[in-house]
Amino acid sequence: MANYLLGILIFRSGLLYLRPKIAHFDQYPMAKKTAAAKTKVNYSKETYAFWYESMLLMRRFEEKAGQLYGQQKIRGFCHLYIGQEACASGAITALTKDDKWITAYRCHAHPLGLGTDPGAIMAELFGKATGTTKGKGGSMHIFDKERNFMGGHGIVGAQIPMGLGVAFAEKYAGTKNVCIAKMGDGAVRQGAVHEAFNLAMIYKSPVIFVIENNGYAMGTSVARTSNVTELYKIGEAYDMPSFPVDGMNVEAVHEAVAEAAARARRGDGPTLLEFRTYRFKGHSMSDPQKYRSKEEVEEYKERDPIEQVLATIRENQLMTEAEIEGVIKKVKSQVDEAVKFAEASPWPDGMDAFNDVYVQEDYPFVME
Ligand SMILES: Cc1ncc(C[n+]2csc(CCOP(=O)(O)OP(=O)(O)O)c2C)c(N)n1
Ligand SMILES: [Mg+2]
């Protein structure tokens with residue numbers, strides 16, 4: 001018995017010892033220090049105000065979604081982006097409204113920043129007929145064609161070849177638009193991602209590939225699954241311009257995406273950006289988070305992207321305290337309204353499951 005217990009003890013402590021520390025900021029300037037030192041303002045007041053307001057909306061919306069999940073108003077999968085907001089807001093200001101977006105299942109924040117009605121997104125989380133996908137998609141499948149947001153995809157990495165296709169179509173149609181195609185760190189070992197990288201370089205496609213490296217794929221750290229932990233380096237195998245970016249800093253994200261977009265619009269093809277970021281909540285709503293310590297989470301919270309931008313705004317008096325207060329109130333009421341709208345909305349009609357299945361109405365393989 002004693003031997004058995006001793007065995008367990010050694011095994012457990014061995015596991016703890018083997019638990020790889022995620023250190024994707026180690027070779028990277030501390031965002032915290034940069035923010036403290038950074039009093040320089042590189043963009044307009046309006047841009048900083050947009051970053052603050054859009055990130056706060058994403059944060060408060062998802063905090064509310066988390067609560068509603070606990071009350072079983074929202075069911076099924078639900079992956080929160082809390083902590084990663086700068087990866088969305090910084091990219092939005094760097095692109096035009098005609099550029100295209102595609103991402104994985106952690107997809108509430110992008111459409112919120114792009115201007116999709118928060119009520120329609122909340123209704124989708126509830127599975128209501130007024131949702132962005134008429135209640136048929138749920139949390140992982142938010143779409144907004146009007147705002148060029150092509151989803152919301154649940155199969156890890158599958159959106160990357162699709163994003164390349166979207167970019168190919170833009171070039172084929174002779175536009176100057178780009179497609180930003182995002183994936184998590186867990187997606188970069190998918191074969192289809194590498195085929196997409198290769199084709200994008202051959203076609204010189206106007207695509208910006210982004211790895212949102214939050215350190216984990218569910219509970220598995222990058223170091224456990226990849227020999228190359230600096231994931232941007234994977235693009236170098238394809239001669240693709242590839243860079244790491246401080247994904248907790250909205251300005252850094254904007255700068256990197258603006259440069260990549262300019263390259264794509266010049267006809268010089270794709271870029272791979274690795275946004276180093278962190279999620280403050282679990283992978284999904286049912287994650288005991290045994291793979292990381294509370295201290296680690298607290299350490300990363302010191303790089304909170306919203307706090308960083310707010311510090312810059314305050315230091316440089318880009319907004320008054322009354323204006324900041326106004327944004328907080330506005331965001332609260334937007335979230336409250338979104339919940340009211342979702343609550344009051346009807347459920348989809350069961351028969352609607354057969355509608356909107358194919359874009360082409362006379363799709364030849366549908367049996368009557
Ligand atoms: C092809 C495929 N394999 C496995 C899964 C199960 N799965 C869902 S999320 C996930 C982790 C992906 O992590 P990452 O790409 O880092 O994105 P994050 O959740 O961190 O945003 C896995 C393995 C899946 N959805 N699709
Ligand atoms: Mg990840």
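1. The model is predicted: local features need pLDDT of at least 70, side-chain atom pairs count only at pLDDT 80 or more, and totals for chains, interfaces and linings use all residues. Residues are numbered from 1 along each chain as its sequence is written, while chains are lettered from A and ligands numbered from 1 in the order in which they are written.

2. The axes of H7 (residues 159–172) and H8 (residues 191–203) come within 8 Å and cross at roughly 20 degrees. Axes are lines fitted to C-alpha atoms, for helices over the stretch in contact, with angles from 0 to 180 degrees between N-to-C directions. Helices are DSSP runs (H or I, at least four residues), numbered from the N terminus. The crossing of H7 and H8 is left-handed (near helix turned anticlockwise from the far one by less than a right angle; clockwise is right-handed).

3. From H7, Ile160, Pro161, Leu164 and Phe168 meet H8 residues including Ala192, Leu199 and Tyr203 (contact: C-beta atoms, placed from the backbone, within 7 Å). By class, this contact of H7 with H8 has 10 nonpolar, no polar and 1 charged residues. Ala, Val, Leu, Ile, Met, Phe, Trp, Tyr, Cys and Pro count as nonpolar, Asp, Glu, Lys and Arg as charged, and the others, Gly among them, as polar.

4. H4 (residues 85–94) packs on H10 (residues 250–265) at about 45 degrees, axes 7 Å apart. The two are therefore oblique. Their crossing is right-handed. The contact of H4 with H10 has 9 nonpolar, 4 polar and 1 charged residues.

5. H3 (residues 45–70) has 26 residues and should span 38 Å at 1.5 Å a residue; its end C-alpha atoms are 38 Å apart, which agrees. The expected span is 1.5 Å times one less than the number of residues. Just after H3, Gln72 takes a positive phi of about 60 degrees.

6. H3 and H12 (residues 305–315) pack at about 150 degrees, with axes 10 Å apart. That makes H3 roughly antiparallel to H12. The crossing is left-handed. Among the contact residues are Trp51 and Arg59 of H3 and Ile306 and Thr312 of H12.

7. Ligand 1 has 14 residues around it, of which Val156, Gly184, Asp185, Gly186 and Ala217 come nearest (near: C-beta atom, placed from the backbone, within 6 Å). The shell divides into 7 nonpolar, 5 polar and 2 charged residues.

Methods:
Parallel < 35°, antiparallel > 145°, perpendicular 65-115°, else oblique. Contact = placed C-beta atoms within 7 Å.
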